[in-house]
Amino acid sequence: MTDEKSLKDKLIDNILLFLQELGTGFALVGREYKLVTPTGKNYFIDLLMCHTKIHAYVVIGVKLEETTPADFGQWNFYVNEIDDKKKTETDNETIGILLCKTA
């Protein structure tokens, strides 16, 4: 069985192919993109992308285990944090994509 780190490594190893699959306009902002809360707690987004045509950040996550409501809550947190910390007035709302084996 493949673990999440191996899967993310494979995505990065093939980033150009991955970007082509996503379509035109995607740019990689960061892998394991670090978010720090006001209390100093660290969270890491698997992939943070920016879509240059729609002017929006895209938060992408990889999940191999069964997804839970908590996973979607965490993803909502990530999207809101990027909106609060990175989005400018010329950007559209951040988009969240969760790539999962099961839903």
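How many helices and strands are there in the protein chain?

## Fold content

The protein chain of this predicted model has three helices and four strands (DSSP runs numbered from the N terminus: H or I of at least four residues for helices, E of at least two for strands). Along the sequence the elements follow the pattern α-α-β-β-β-α-β. The radius of gyration, taken over C-alpha atoms, is 14 Å, close to the 13 Å that the globule rule gives for 103 residues, so the chain is as compact as a globular protein of that length. That rule is 2.2 Å times the number of residues to the power 0.38.

## Sheet

The strands β1-β2-β3-β4 form, in that order, an open sheet with mixed pairing; two strands pair if DSSP finds at least two bridges between them. Its edges are β1 (26-36) and β4 (95-100), each of which pairs on one side only.

Strand β3 (residues 56-63) runs parallel to β4 and is joined to β4 by six bridges. Within this pairing, Ile60 has Ile97 of β4 as its bridge partner.

## Burial

Of the 103 residues, 34% count as buried, that is, under 20% relative accessible area (1.4 Å probe, protein chains only).

## Confidence and conventions

The mean pLDDT (the predictor's confidence in each residue, from 0 to 100) is 86, and 95% of residues reach 70 or more. Confidence is lowest in helix α2 (residues 15-22), with a mean of 73, and highest in strand β2 (residues 42-51), at 93.

Residues are numbered from 1 along each chain as its sequence is written, and side-chain values use heavy atoms, leaving out hydrogens and water. Local features need pLDDT of at least 70 and side-chain atom pairs count only at 80 or more, whereas totals for chains, interfaces and linings use all residues.

Technical notes: Buried < 20%, exposed > 50% of the residue type's maximum accessible area, 1.4 Å probe, protein only.
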